[in-house]
Amino acid sequence: MHAQDFDRITPFVRMMRVKSDLTGAGKWQDIDHVYTMIAAGSADFIVEGVRYSLRRGDIIVIPPFQTHVIIPTGGEELVQNIFHFDFFEDPDRCMLRHEDVLDSREAKVVPARERLMNDRAFATRPEPEEFARLEDTYRRMYAEFRSMCEGGGCSALLRAYCTELLVKTLCGSMEWEPENLRDGEGSKVWLHIENALKYIEEHFSDEDLSNERISEAIGVSPNYLTKRFRACFDMPLHRYVVRTRIERAQRMLLSGNCNITEAAVAAGFSSIHVFSKTFKSVLGMTPSAYMESVAKELAMLRRSGEARLLERRRRAMVQDAQDPQRDRLEGMSAAADSAKGRREPAQ
């Protein structure tokens, strides 16, 4: 992208969060652009079959509806500074909920003017000093977003911070060439892994999901799939299934639409005891402790939606207040044109 592309944008920030955990493993698809800054740890981001191996100091921006898999690497805690955004503020899109739409069957259409990135992810590794400045801008932007969710803040300042991050990330840094897993000799292997990932996403809630069942479903042997999966992700296939279930349970709990028992069943665990034990072994805390730790984030998600609704109502009121004035001015203009027509001689 070029700097002039940003002369006309009016970015809208839908959601911000700092995600910190040891799981991260999972598959996502979002309705908007996702800006992710790696603040700690490392991970492979595989976007539509293209692998970006990221570590602290790296940034990736993923366009809307791009399917991406995230696999933490190195065994360290992965900390991501994330915000979801549109390049242009649109009244209807402003009301869209922040949610994963991987399983959605609704039409997935990206507005034409939102396709500034040409449906292609962008990853960059700024110089350490520049990354530190970008981190500082993100912190100030996050504080402003939280303030707005609480009824304060300044939308113009939030847009300014967002624009600054986008300009400095997409225009001021060099992009590197990622690894395309769909090309070359490994393309057939990646096709099998993609099919396995798809099957896991569709059946993670089944208690009897196993390596053997996944392998049989995609037409390969269990030994072949487990070896190729570990070689690709440096993670056993079974561990990926477990972490996917935990990640899905986290999403359900964050949605506020189910309790811990319901999340355990929906995520494919045989009992609340097994779920709690697995949850603690993966995240280092019980589901109850997790809910306490994310209480503020849950409240912010709720307030974010309420803030968008209030902002839309405010704009509607302003529009209604302006319409009579506009009608009066248009009437005066029409009357003036009519009078002018009467004064001018016929041709």
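A residue is called exposed when its relative accessible area is over 50%, and buried when that area is under 20%. By that rule Glu76 is exposed, because its relative accessible area is 51%. The model described here is predicted. The protein has 10 helices and 10 strands.

**Overall make-up**

- The protein has 347 residues, and buried residues make up 46% of them.
- Among contacts with a separation of 6 or more, 77% are between residues 24 or more positions apart.

**Aromatic pairs and a cluster**

- A search of the whole structure gives 11 aromatic pairs.
- One of the aromatic pairs consists of Trp190 and Phe233, with 6.2 Å from centre to centre and 80° between the planes, an edge-to-face arrangement.
- This pair links distant parts of the chain, since Trp190 is in helix 3 (residues 187-203) and Phe233 is in helix 5 (residues 222-233), 43 residues apart.
- Trp190 is buried because its relative accessible area is 4%, and Phe233 is buried because its relative accessible area is 2%.
- Phe279 and Tyr290 also form an edge-to-face aromatic pair, with centres 5.5 Å apart and 65° between the planes.
- The pair of Phe279 and Tyr290 links distant parts of the chain as well: Phe279 belongs to helix 8 (residues 272-283) and Tyr290 to helix 9 (residues 287-293), 11 residues apart.
- Phe279 has 0% relative accessibility and so counts as buried, while Tyr290 has 7% and so counts as buried too.
- One aromatic cluster is formed by Tyr35, Phe83, Phe85, Phe87, Tyr138 and Tyr142.

**Helix 3 against helix 4**

- Helix 3 packs with helix 4 (residues 211-218) at an angle of about 120°, and their axes are 9 Å apart.
- The two helices, helix 3 and helix 4, are therefore oblique to each other.
- The crossing of helix 3 with helix 4 is right-handed.
- On the helix 3 side, the contact is made by His192, Asn195, Ala196, Tyr199, Ile200 and His203; on the helix 4 side, by Arg213, Ile214, Ala217 and Ile218.
- Sorted by class, this contact of helix 3 with helix 4 has 6 nonpolar, 3 polar and 1 charged residues.

**Helix 4 against helix 5**

- Helix 4 also packs with helix 5, at an angle of about 100° and with the axes 8 Å apart.
- Helix 4 is therefore roughly perpendicular to helix 5.
- From helix 4, Asn211, Glu212, Ile214, Ser215 and Ile218 meet Pro222, Leu225 and Thr226 of helix 5.
- The contact of helix 4 with helix 5 has 4 nonpolar, 3 polar and 1 charged residues by class.

**Thr278 in helix 8**

- Thr278 is placed in helix 8.
- With a relative accessible area of 18%, Thr278 is buried, because the cut-off for buried is under 20%.
- Leaving aside residues up to four places away in sequence, Thr278 touches Val242, Ile246 and Phe269.

**The loop between strand 8 and strand 9**

- Asn118 lies in the loop between strand 8 (78-86) and strand 9 (122-124).
- The phi of Asn118 is near 55°, a positive value in a residue other than glycine.
- Asn118 counts as exposed because its relative accessibility is 62%.
- Asp119 is in the loop between strand 8 and strand 9.
- Asp119 has a positive phi of about 60°, although it is not a glycine.
- Asp119 is partly exposed, because its relative accessible area is 29%.

- Glu76 and Ser42 are 34 residues apart in sequence, and their C-alpha atoms are 7.3 Å apart in space.

Notes:
Residues numbered from 1 in each chain as written. Predicted model: local features only at pLDDT ≥ 70, side-chain atom pairs only at ≥ 80, totals over all residues. Heavy atoms only, no water. Phe/Tyr/Trp six-rings, centres within 6.5 Å; stacked < 30°, edge-to-face > 60°. Helix = DSSP H or I, 4+ residues; strand = E, 2+ residues; numbered from the N terminus. Buried < 20%, exposed > 50% of the residue type's maximum accessible area, 1.4 Å probe, protein only. Axes fitted to C-alpha atoms, helices over the stretch in contact; angles between N-to-C directions. Parallel < 35°, antiparallel > 145°, perpendicular 65-115°, else oblique. Left-handed = near helix turned anticlockwise from the far one by under 90°. Contact = heavy atoms within 4.5 Å. Nonpolar A, V, L, I, M, F, W, Y, C, P; charged D, E, K, R; others polar.
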